[in-house]
Amino acid sequence: MSMTASRMLVRDWRGGELGILVAALVLAVAMVSGISAFTTRLQNALEQESHRFLAADRVVRASTVMPEQWLAEARTQGLQTAQTLTFPSMVFAGDEAMYLASIKAVTDDYPLRGDLTSSREPFGAAELAAQGPAPGTVWLDSRLFPLLDVSMGDSVGIGDAEFTVVAAARTEPDQGTSFLGYGPRVLMHFSDIPKTNVVQPGSRVQYRQLYAGDEPSVARFVTWLEPQLEDRHRLLDVNQGQPGLGNALNRAESFLLLAGSLGVVLAGVAIALAARRFSERHTDYVAIMKSLGATSGSINWLYGRSLLLLGATATALGCLAGWGMQSVFFVMFADQMPVQPAPSGMRPYLIGAATSMTCLLCFAWPPIRRLSLASPLRVLRRDMPDENRRTLTDYGVGLVAVSLLMWWYSGDWQLTAAVLAGLAATVTLGLVLALTLLRGGRLVGMSAGSIWRLALAGLQRRGTANALQVVIFAMAIMLLLVLVLVRTSLIDEWQTQLPPDTPNHFMLNIAPEEVQAVDQVLRTENINSEALYPMIRGRIMSVNADELPKTSDQEEGRRQREVNFTWSDTLPSGNELLDGQWWAPESTEALVSLEREFAERLQVGVGDEIGLMIGSAPLSVRVASIRELDWQSFQPNFFMVFPPQFLSAYPATFMTSFHLDASQKVFLNSFIRDFPTVTVIEMDVVVEQVRSIVEQVSGAIELVLAVIIAAGSLVLVSGVQASVDARMHESAILRALGARRGLILGGLFIEFAALGLFAGFLATVAAELSVYILQVWVMEFNYSPSPAVWPLGIGAGVVLISALGVYSCRKVVSSPPLSVLREL
Amino acid sequence: MAGGELEILKGINLEIKSGEAVAIIGASGSGKSTLLGLLAGLDEASEGRVVIGDTDLAELDEDGRAVFRAREVGFVFQSFQLLPALTALENVMLPLEMQGNKDARQQAEHFLDRVGLGERVDHYPRQMSGGEQQRVAIARAFAAKPRILFADEPTGNLDTATGDRIEELLFELNREEGTTLVLVTHDLQLASRCERQLTLEAGEMVAS
């Protein structure tokens, strides 16, 4: 047969049969490739973002000088390098003023990733700096200006050297969020270190070598470097650099994957429905072609090629649409993006293409393949039985294909299982309920006596077809409900996590006698703050009478270390008790509660004894409980908590966190002057970063939701379309016999509304089940039933399906019956 | 022919010569269409044989019969059986394309011209009257140069005047092309234009 597949497609396109099939395919590919490209790029962006927190791609950290040779080798291998040195030192100004600062010396190339900012005035507008201070100059933390009473251009001393103050140091990418900083920052040039004479062997210093480059080169260099690292060196990569957005983003990713998977299911159903209608409508064509001499093989070949051609075209269009979708998003949010995301590569589009081909093969091909079985005798006898009935195998193949696609796409079997459970519940419940209700009572004919009897008769007459339709509608509505529910709880969760007044500043070192005054000042300035937590600095000496190694060279594992202690009668808010028990109020026992990771590092559990030193006083405590902290809460968190009575004898300082708007920041100037010993840590930049990322991700989720709703609507449209022919035919006959417009439309409305009601009800039940599984198992939320979803689900079912149904059949009352009958 | 308990055709023994025009007449339900389906290789007989030329249709499977139909057989149906998504020209080209004919378009245009629809080649079936649609079907049947043309109530869906014109066209082309014609009808006037009439009654041949 020489008729080319493309010509047949063009002819079929004109016949209007292919529209929904193509739309479903394009949408499936667009959704899968778009969402996948979007998550890949977002992940790339976040990874770059986390590199920012390191100021490099890899960092080696040590408390002693590291070989220059490493840097030389890195440069030979094409990497960029930089060095920093951080140490505490007094900064002097004039004759009297001095302050303990955290000095950071940096080379010219610092930072390799992320931005360094400075301002011309203390607390002024931060500007991007091309590089750090030139030799002979320093940048001071804004609050050092009032503390040292210096202005721009003045001189300050560090050790034996004098420096000119040229800028206020604002942010460094790797400034970190640790409270163990020594005080306000002073940035100087790396080459100025020797002339200060403050860095001596044994000084508390931290050297860092920074490396950056393309990932393969970095990996090659790390392979070379690793064998040479000793215990005192620590290699840092992104995983250690990120201060914790982790959970929120993981959930967002799960959501996007879930959405994508649901998209695949919806598109698969739409494709199956469209293909079925396509093949039903083509049965007569095939019979004619066979009567004219076409063989089964040539019919298969023709339709197979058409399908392949269609798939290729739809895949190309879908990839283009997917690419466009994620591009639009990144353009829309470009100014909020911390970094420009790298392109996603080809993988998302390959996934899209594979999805399209799988959908075609598993959903579209079976009914179309059976076209070749159509008997040529149909040209003589239109009443020949339709060979093209969907078989159980078809449904089986479809189900397996959908499960595999979802699993492949999400890489998460729990998520796949949750959705499948919902779908299975819909199908089973749907068929049972629909068949029982719709087939109840004796079968009646057309029953054109009244609107209600007409509708009821219609429902019963097409019982099986209607049951199937209810299931399909219910599936589409259920998937949409699941997505809406999960999205709502996700965004709610984020909003509670990052309310507008999230603390963005910390205050440390508040002396007991200052507590009241500080509290007073915060109140007068209308600044919301957390409670004031006592803080005692102590040292861990031994575990179960085993003295720990003293060395500070070794970063990991068990060693003596300085820790901040606090006390509390109650479990601090946002903490979760994992093991052991909280002590009774007023307890005087020597107990301690440890943070989980900290306990793991010390290798201790409930019941172990820990030897401590506060000042010069040794004391011993027993581990009473292990807690999990929410490190993303931006509230004061402590590794070690004691009963208040137990620590009350030791001198403590206090700390708190509070929220300060950008406009209120000038307040810090006067505050620091009034309370020179209090340390203020500014976290507003970090909080803003977290907030902007969460906003972007929320935006992405809304966009994806919109796309999935489009897919769901397509399924509803194809579901209605599938039954329109039969209904139109009957209605046209009734119309020919003189039925009023109101009777026909009313009957159709009631029939479709009833289907919508069943579908909505089923969808809601199944959605609750699915969301329960998803929230409890996959997203690890607390499940709570959502009463609001019941009216939403059922209402959406009735309104959408009756509107779509009546709209699709409207022609039957607007055109002469004969032309309707002739077209069918 | 026995189909389960229902025998539709029985004891039919019939020979049609090349170039002959034969009418099969009978009332509704007498088995005319079934016989036509068997003769044209659209259906399989449960017993007996249909031999056309040197080909025994009973020895062919459905695909084999399809190839045979493409090569040897043309159809004109009561309900026209045009593909609605194709234009008149494309409908006529279809069997030619299936034969792999390189000049499909020219031949199709020639036959459309011959049936008087040269000006309407780009029209779709729904834009044509019943008579016009049947003329397209006739053009399609003859364009493939079949050895045998089977016509199933070719004028059954048409008014008398249009039916007469279609009848005229059918016999005229049949003469010109030297095709063997097997025509099924209950219209005795139409049947009388054939050289031989076979009458079916309840599945049996009662007169020839």
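How many bridges join S7(B) and strand S8 (residues 180-185) of chain B, and in which sense do they pair, parallel or antiparallel? The two strands pair in the parallel sense over five bridges.

## Basis of the model

This is a predicted model, where local features need pLDDT of at least 70, side-chain atom pairs count only at pLDDT 80 or more, and totals for chains, interfaces and linings use all residues. Residues are numbered from 1 along each chain as its sequence is written, chains are lettered from A and ligands numbered from 1 in the order in which they are written, and side-chain values use heavy atoms, leaving out hydrogens and water.

## Strand S7 of chain B

S7(B) spans residues 148-152. Helices (H or I, at least four residues) and strands (E, at least two) are DSSP runs, numbered from the N terminus. Strands pair if DSSP finds at least two bridges between them. Strand S6 (residues 73-76) of chain B runs parallel to S7(B), joined by four bridges. There, B:Gly74 partners B:Leu149. Towards S8(B), B:Ala151 has B:Leu183 as its bridge partner.

Five of the five S7(B) residues are buried, so the strand is largely enclosed by the rest of the structure. Buried means under 20% relative accessible area, exposed over 50%, partly exposed in between (1.4 Å probe, protein chains only). One face carries B:Ile148, B:Phe150 and B:Asp152. B:Leu149 and B:Ala151 lie on the other.

## Crossover to S8

S7(B), helix H6 (residues 160-177) of chain B and S8(B) form a right-handed β-α-β unit. Right-handed means that, with the strands pointing away from the viewer, the path from the first strand over the helix to the second runs clockwise.

## Asp192 of chain A

A:Asp192 sits in the loop between strand S9 (185-189) and helix H5 (193-196) of chain A. Its relative accessibility is 4%, so A:Asp192 counts as buried. Not counting residues up to four places away in sequence, A:Asp192 touches A:Ala134, A:Pro135, A:Gly136, A:Thr137 and A:Phe163 (contact: heavy atoms within 4.5 Å).
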